[in-house]
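The points are grouped by topic.

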Amino acid sequence: MYTVADLKKGLKITLDGDPYLVVAFDFVKPGKGQALYRTKMRNMINGTLLDRTYRSGETFDPASLEERQMEYLYKEGSHYTFMDQQTYEQVVMEEDTMGDAKNFLLENCKVDVMLFGEKAIGVALPNFVNLRVVETEQWAKGDTSGNDSKPATVETGYVLRVPPFIEEGELIVIDTRSGEYSTRVKG
Amino acid sequence: MKSDALWLRAHIIRAIRDFFWKRGFLEVETPLLIPANAPEEHINPVTPLPWQLQTSPEICMKRLLCKGHQRLFQISHCWRAQERGSRHLSEFTMLEWYRADSDYRSLMSDCEGLLQHVAAVCIPDNPVYRNKTEIVDPFKSWMSISVQEAFLRFGQREVSDCLREGLYEEILTANVEPALAAFDSPVILMDYPAELASLARTKPGNPELAERFELYLGGLELANGFSELNDPLEQRRRFEEANRLRLENGNAPLTLPEPFLRDLSDMPPSAGIALGVDRLVMLAAGADSIDEVVAFTPEEL
């Protein structure tokens, strides 16, 4: 059980049956008056934002969240299936819930899946992933047009801007937090 | 005489400050309440219980008024438990000043003079205060509005109804303070309902209202001042009422400051005010968080 004194950015609580992440928090106490605890929370399943104000004495249930390493198996329609390699238990996640993570997932790669009870609500990716470029224009040597980047498609289907010298078949490092090209993997 | 020694003491502190200022030393304030001191064989730290860290120096300042001092100021650390946010620190720095034979109006002009002085001396290139995106010019003519009028105008509610329904803080912070932020001069919110002023005198001829005001700059509450209550019986009754409400809210009642109550009948009609120094620095620096203007936050200790 949490009290208002535990409220801070990053705290995860259960509200109306859903897990919420506190994304903004402020303590206000106008003119010797009663303290108010202002929060902005994000629903960890559907991403909606909620403003709530609490007073001293109110309590919250923690969100019982668990992170488990799982293998990404396959995608069918808008469902992504993951498997716990220890228990062979499978969980399914909706494309909407996956967010940007879907751009960086290759079949059989291992990721941390966030579980709220039985429900998979998110994927924690490493900050950097290596993906192969499957399609990009050839760089015309002596191109003086001044373009310092060009579009490229990687094996997950994700399209990003890369430097002109990157060629099809090359392995590149992508920063999953920004979705941007980071560097080229040599060799 | 004690009062001579206090004047000498004040001169010495000022001389010490001048000495180091002239030699390029930075005067700092680090927290007084810390989790651990350097262990020493023969030095034992004070762990205050059953005493308390002051929440304001007001009790002692007013006892000095009772002893005949006319004008007093103090910059000191104060502590208030469980107060932490972008504008609150549990340990913070307060400026308090008191005037004998005065009422709250004299404090309003002090505020005006002080804020103009600080801006002119400390931020001469652009002598304005900033809170978030608001810019407040202390040299423009100051706005003042009564609490009652502010609730009506900005919250479309009677303040007395809000108090009865327990919505006072909500309407104040959600409607009134944001509206005060829109003024480009400092704003004085004045004449509080009597129940919101435990140490202030009520207005002559109107026991419903207290001679109390709060100073706002860009919607940020900076100072709280009032005409002081100097009736010991009424003061005792209010303290006991506060303790009754504390108990009702599940908080332990607090010991009454008996020596203060004993001295209070010697206090001339006076006025006193507390101004948050950290917040003044925030406003002068245009800082969004109090964390930016202190040497250490409690989390760093």
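**Overall organisation of chain B**

Of the contacts in chain B between residues at least 6 apart in sequence, 67% join residues at least 24 apart. The model is predicted. Chain B holds nine helices and ten strands, and 30% of its 301 residues count as buried.

- Along the principal axes, the C-alpha atoms of chain B fill a box of roughly 60 × 50 × 40 Å.
- The radius of gyration of chain B is 20 Å, which agrees with the value near 19 Å that a compact globule of 301 residues would have.

**Helix α4 of chain B**

- Helix α4 of chain B spans residues 147-155, and its buried residues include B:Val147, B:Ala150, B:Phe151 and B:Gly155.
- Viewed down the axis of α4(B), the buried residues fall within an arc of 100 degrees, so they line one face of the helix.
- After α4(B) comes B:Gln156, which has a positive phi, near 50 degrees.

- B:Ala284 is placed in helix α9 of chain B, which runs over residues 277-285.
- B:Ala284 has 18 other C-beta atoms within 10 Å and is therefore partly exposed, given that a residue counts as buried at 20 or more and as exposed at 12 or fewer.
- Apart from neighbours within four places in sequence, B:Ala284 is in contact with B:Val118, B:Cys122, B:Ile123 and B:Tyr129.
- B:Leu115 is 169 residues from B:Ala284 along the chain, and the C-alpha atoms of these two residues are separated by 9.8 Å.

**Domains of chain A**

- Chain A is divided into domain 1 (2-62), domain 2 (65-124) and domain 3 (128-184).
- Between domain 1 of chain A and domain 2 of chain A, the C-alpha centres lie 28 Å apart.
- Four residues from domain 1 of chain A and five residues from domain 2 of chain A take part in the contact.
- On the side of domain 1 of chain A that touches domain 2 of chain A, three residues are nonpolar and one is charged, with no polar residues.

Note on methods:
Residues are numbered from 1 along each chain as its sequence is written. Chains are lettered from A and ligands numbered from 1 in the order in which they are written. This is a predicted model: local features need pLDDT of at least 70, side-chain atom pairs count only at pLDDT 80 or more; totals for chains, interfaces and linings use all residues. Helices (H or I, at least four residues) and strands (E, at least two) are DSSP runs, numbered from the N terminus. The radius of gyration is taken over C-alpha atoms; the globule rule is 2.2 Å times the number of residues to the power 0.38. Two residues are in contact if their C-beta atoms, placed from the backbone, lie within 7 Å. The arc is that of the directions from the helix axis to the C-beta atoms. Domain bounds come from an automatic or database domain assignment. Ala, Val, Leu, Ile, Met, Phe, Trp, Tyr, Cys and Pro count as nonpolar, Asp, Glu, Lys and Arg as charged, and the others, Gly among them, as polar.
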